[in-house]
Amino acid sequence: MKRLRLLFLTPAAGVVGVLFVAPLGVVLLYSFLSRGVYGGVELPFTPENFLRLVDPLYLRILGRSFLMAGAATVGCLVLGFPLALFISRAGAGKSLYLHLVMLPFWTCFLVRTYAWMFLLRDTGLVNSVLLTLGVIPEPLPMLYSAGAVWVGLVYSFLPFAVLPLYATIEKIDRNLLEAAADLGARPWQTLLGVVVPLAAPGIRAGAVLVFIPCLGA
């Protein structure tokens, strides 16, 4: 059986090795080369590229990236948890709601990003509506800001938090919730004392699935 498993894993391991490990090896090799005169890389090997990581400029960029990814992850979990809880209790409508959650994946990530740009720019839908209603005297500078980046990340990666949360919450035994209610627990106490701890695996999975691509984005 062990040999059979290895046999079936061989094609996948080969694909990962050729398309993932080998390119990373090339990138690692390039990272030790010197910068060329015309923008390429050339010999000799040097650690200068890695020493530049401690430059304050790159440290600020790295810190900002981690901060934004963390904030987007928290936002996705906070918004995704009640949505996953609602879907798990939706009965016959579960399939429809799950399809709606996955619907954004049917559209290119770049197209969805441009859609948010059209919504948030000075002449976009949000500012146009607010100006028409007389709420603001002039367009709000919403685009090209940390808030706009956060909104775009949360919108794009929210399904990555909802799906693992739903899969975990769906498996929670309803008898535990009834037992908590019988013992006098209020709904919010049941949520915090029973549902959230039992949904911890889904929370951890959702956090990882959101944080890593957010950091890359």
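1. P44 sits in strand β2, residues 41-45. Helices (H or I, at least four residues) and strands (E, at least two) are DSSP runs, numbered from the N terminus. The peptide bond from L43 to P44 is cis, with omega near 10°.

2. On the basis of this note: the model is predicted, local features need pLDDT of at least 70, side-chain atom pairs count only at pLDDT 80 or more, and totals for chains, interfaces and linings use all residues. Residues are numbered from 1 along each chain as its sequence is written, and side-chain values use heavy atoms, with hydrogens and water left out.

3. Look next at helix α4 (residues 94-102). Its buried residues (under 20% relative accessible area, 1.4 Å probe, protein chains only) are K94, L98 and V101. They span an arc of only 55° around the axis, so they lie on the same side of α4. The arc is taken from the directions from the helix axis to the C-beta atoms. Their cover includes α3 (56-88) and α7 (146-170).

4. Helices α5 (residues 109-120) and α6 (residues 125-132) pack at about 20°, axes 4 Å apart. They are therefore roughly parallel, a label for angles under 35 degrees. F118, L119 and L120 of α5 meet L125, V126 and N127 of α6; contact means heavy atoms within 4.5 Å. By class, this contact has five nonpolar, one polar and no charged residues.

5. Y144 is in the loop between α6 and α7. Its phi is near 60°, a positive value in a residue other than glycine. Y144 counts as exposed, at 71% relative accessibility; the cut-off for exposed is over 50%.

Technical notes:
Axes fitted to C-alpha atoms, helices over the stretch in contact; angles between N-to-C directions. Parallel < 35°, antiparallel > 145°, perpendicular 65-115°, else oblique. Nonpolar A, V, L, I, M, F, W, Y, C, P; charged D, E, K, R; others polar.
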